Amino acid sequence: MPLRRRRSHYEQLTEFERGRVIGLREGGFSFRDIAERLGQNVSTVHDCWVRWSRDGTASRRPGSGRPRGTTEREDRRIRRTAVSHRTASAAEIRAAVGTTVTQRTVRNRLLDVQLRARRPVACIPLTPRHCR
C-alpha cells in the first residue's frame, strides 16, 4: 500500500464538525467542553477556532503541488484491471479504464502499490537443437 501523508489535527475534522466547533465556541463553551463533545483533542478544536478567528473561514486551504490526475476510484480501477489481467501493458490498462490518463500515470499508480504494468510471459526453454 502507498504511504499515507500524516494529517494535521485540523484536517481530522469534517466540515460539519468545524461548523459545530465554531457554533459551540460562539455559544460560550470552552475548548475542553467542545473537545469532549466531539471526541477530539483540545488542540484540534483550538486550531479550528484560531483559523476561524484569523481567516474568517473554517474550510481547508488547498494543498501545495499539482493536483492528482486521477481520483481514488480510478486508481482502484487501474489496480483491479492490472491484477485481473496480469500480462496487460500500461496502454491496455489505460484503454480498459476508459479515462483520459496517460500510460505514465498508469505506471505510476501501479508502482505505488508495488505492481508492474507488464509482466514477462513464461518462455519455452531452448533445446540444444534450437541453439544450433
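1. R76 lies in helix α4. That helix covers residues 72-84. The model is predicted, and the points below should be read as values computed from it.

2. Is R76 buried or exposed, or in between? The relative accessible area of R76 is 39%. Buried would need a value under 20%, and exposed a value over 50%. R76 therefore counts as partly exposed.

3. R76 belongs to a charged group on the surface. R73, R76, R77 and R80 gather there in a patch of positive charge. Patch members must have over 30% relative accessible area and no salt bridge. R76, at 39%, is over that area cut-off.

4. Along the chain, R76 and L110 are 34 residues apart.

5. The largest nonpolar core has 12 residues. Among them are L13, V21, F31, W49 and A58. Three helices each supply at least two residues of this core: α1 (15-26), α2 (31-38) and α3 (42-55). Which helix gives the most to this core? It is α2, with 4 residues.

6. There is also a second, separate core, made up of 11 residues. A88, V97, V106 and L110 are included in this second core.

Terms used. Residues numbered from 1 in each chain as written. Predicted model: local features only at pLDDT ≥ 70, side-chain atom pairs only at ≥ 80, totals over all residues. Heavy atoms only, no water. Buried < 20%, exposed > 50% of the residue type's maximum accessible area, 1.4 Å probe, protein only. Core = buried A, V, L, I, M, F, W, Y, C linked by side-chain atoms within 4.5 Å. Patch = residues over 30% accessible without salt bridge, like charges linked within 9 Å, V, L, I, M, F, W, Y side chains within 5 Å. Areas by Shrake-Rupley, 256 points an atom, 1.4 Å probe, with all protein chains shown as cover. Salt bridge = Lys/Arg side-chain N within 4 Å of Asp/Glu carboxyl O. Lys, Arg positive; Asp, Glu negative; His and termini not counted. Charge placed at Lys NZ, Arg CZ, Asp CG, Glu CD.
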